[in-house]
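Please look through the structure below with the sequence at hand.

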Amino acid sequence: MEKKVIIISGSARKGGNSDLLCDEFLKGAAEAGNEVEKIRLAEKKIAGCIGCMACKKNDGVCVFKDDLPGIVEKVIDADVMVMASPVYYYAVNSQTKAFIDRTFARLPDIRDKEVYFILTCTDDEHAVNEALHDLRSFVHFLPGAVEKGVVYGTGNREKGAVIGKPVMQEAYEMGKTI
C-alpha cells in the first residue's frame, strides 16, 4: 500500500550529512512505491516561537506569516514523517527546533504517524542520543505516533563525510521498509 512520506530535513547545509541521508531514505521509500517529499527547513522562512499563545486563541493561526503553515499541512496529510537534524551541542539544530516549537497549536492534528529519525554528528552515539531525546519529546505529544527507526550518522563532521559509509545504505534500506 502506497504511503505519503514527508521528510523534514533540518540540515543547514544543502548536501550536508543529514541531508544526504534524507536523500537515501527518500530513494528507498520511493523505490518501495511510496509518494515521498523532502522539505529543507533551511530553504524556508520559519520564525521562532515567541510564546505569545495567539495560535491557541486563533484556531492554530500564528502571528507570523511565513512558510510553516504549509509545511504543517503536508505533515498532517502524510502517513509517515521523517525528521532529520545535525546535532549541535547535543541537541537538534535551530532550524529543527523552530519547526518543532511552531507546531504547538497544531499538535492534536499531527496524528497517527509512523516516525523515523535521522541524526548526524561529529561525536559518538552519546551526542546523538541527547538530540534524539529532543525529537522523541516532540513525538510524545503527537497522538497515535509510533517510532519506527533511527539512523545514527555518527563520526561525520565534514560535508559529505557520510558518502560511501554503511550509514548511507542503512538510510536507503530503512526507507525501503515503508
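A charge is taken to sit over a ring if NZ of Lys or CZ of Arg is within 6 Å of the ring centre and within 35 degrees of the ring normal. In this predicted model, Lys 56 is placed over the face of Phe 104, at 4.8 Å from the ring centre, and Lys 27 lies over the face of Tyr 172, at 5.6 Å from the ring centre.

Rings can also meet one another, and a pair of aromatic rings is described by the distance of the centres and the angle of the planes. A search of the whole structure finds 2 aromatic pairs. In the pair formed by Phe 99 and Phe 138, the ring centres are 6.2 Å apart and the planes stand at 70°, so the arrangement is edge-to-face, given that planes over 60 degrees apart count as such. This pair links distant parts of the chain, since Phe 99 belongs to helix H4 (residues 94-102) and Phe 138 to helix H5 (residues 125-140), 39 residues apart. Phe 99 has a relative accessibility of 1% and therefore counts as buried, and Phe 138, at 5%, counts as buried as well.

What does Phe 99 touch, leaving aside its neighbours within four places in sequence? Phe 99 is in contact with Ile 8, Leu 41, Leu 68, Ile 71, Val 75, Met 83 and Phe 138. In soluble globular proteins, nonpolar side chains tend to be buried together. The largest nonpolar core here has 33 residues, of which Ile 8, Met 81, Met 83, Phe 99, Phe 117 and Phe 138 touch the most other members. Two or more residues each are given to this core by strand E1 (4-9), helix H3 (68-77), strand E3 (80-88), H4, E5 and H5, and the largest share, 7 residues, comes from H5. Apart from this core lies another, of 19 residues, among them Leu 21, Val 162, Val 167 and Ile 178.

Val 167 leads on to helix H6 (residues 166-176), where Val 167, Met 168, Ala 171, Tyr 172, Met 174 and Gly 175 are buried. These residues cover an arc of only 165° around the axis, which means that they are on the same side of H6. An α-helix has 3.6 residues a turn, so residues three or four places apart point the same way. The buried residues of H6 pack against helix H1 (17-31), strand E5 (114-120) and strand E6 (146-153).

Is a residue in a loop buried or exposed, taking Asn 93 as the case? Asn 93 is in the loop between strand E4 (91-92) and H4, yet its relative accessibility is 0%, so Asn 93 counts as buried. The side chains of Asn 93 and Gln 95 are joined by a polar contact of 2.9 Å, and, not counting residues up to four places away in sequence, Asn 93 touches Gly 10, Ser 11, Ala 12, Ser 85, Pro 86 and Tyr 88.

Gly 48, in the loop between strand E2 (35-40) and helix H2 (54-57), is partly exposed, with a relative accessible area of 39%. With residues up to four places away in sequence left out, Gly 48 touches Phe 64 and Arg 102. Thr 177, by contrast, lies in the segment after H6 and counts as exposed because its relative accessibility is 56%. The C-alpha atoms of Thr 177 and Cys 62, which are 115 residues apart along the chain, are separated by 36 Å.

Note on methods
Residues are numbered from 1 along each chain as its sequence is written. This is a predicted model: local features need pLDDT of at least 70, side-chain atom pairs count only at pLDDT 80 or more; totals for chains, interfaces and linings use all residues. Side-chain values use heavy atoms; hydrogens and water are left out. Rings of Phe, Tyr and Trp (its six-membered ring) pair if their centres lie within 6.5 Å; planes under 30 degrees apart count as stacked, over 60 as edge-to-face and the rest as tilted. Helices (H or I, at least four residues) and strands (E, at least two) are DSSP runs, numbered from the N terminus. Buried means under 20% relative accessible area, exposed over 50%, partly exposed in between (1.4 Å probe, protein chains only). A polar contact is a pair of N or O atoms within 3.5 Å; within protein, one must be able to donate a hydrogen and the other to accept it, and residues adjacent in sequence count only if both atoms are side-chain atoms. Contact means heavy atoms within 4.5 Å. The arc is that of the directions from the helix axis to the C-beta atoms. A nonpolar core is a set of buried Ala, Val, Leu, Ile, Met, Phe, Trp, Tyr and Cys residues joined through side-chain atoms within 4.5 Å.
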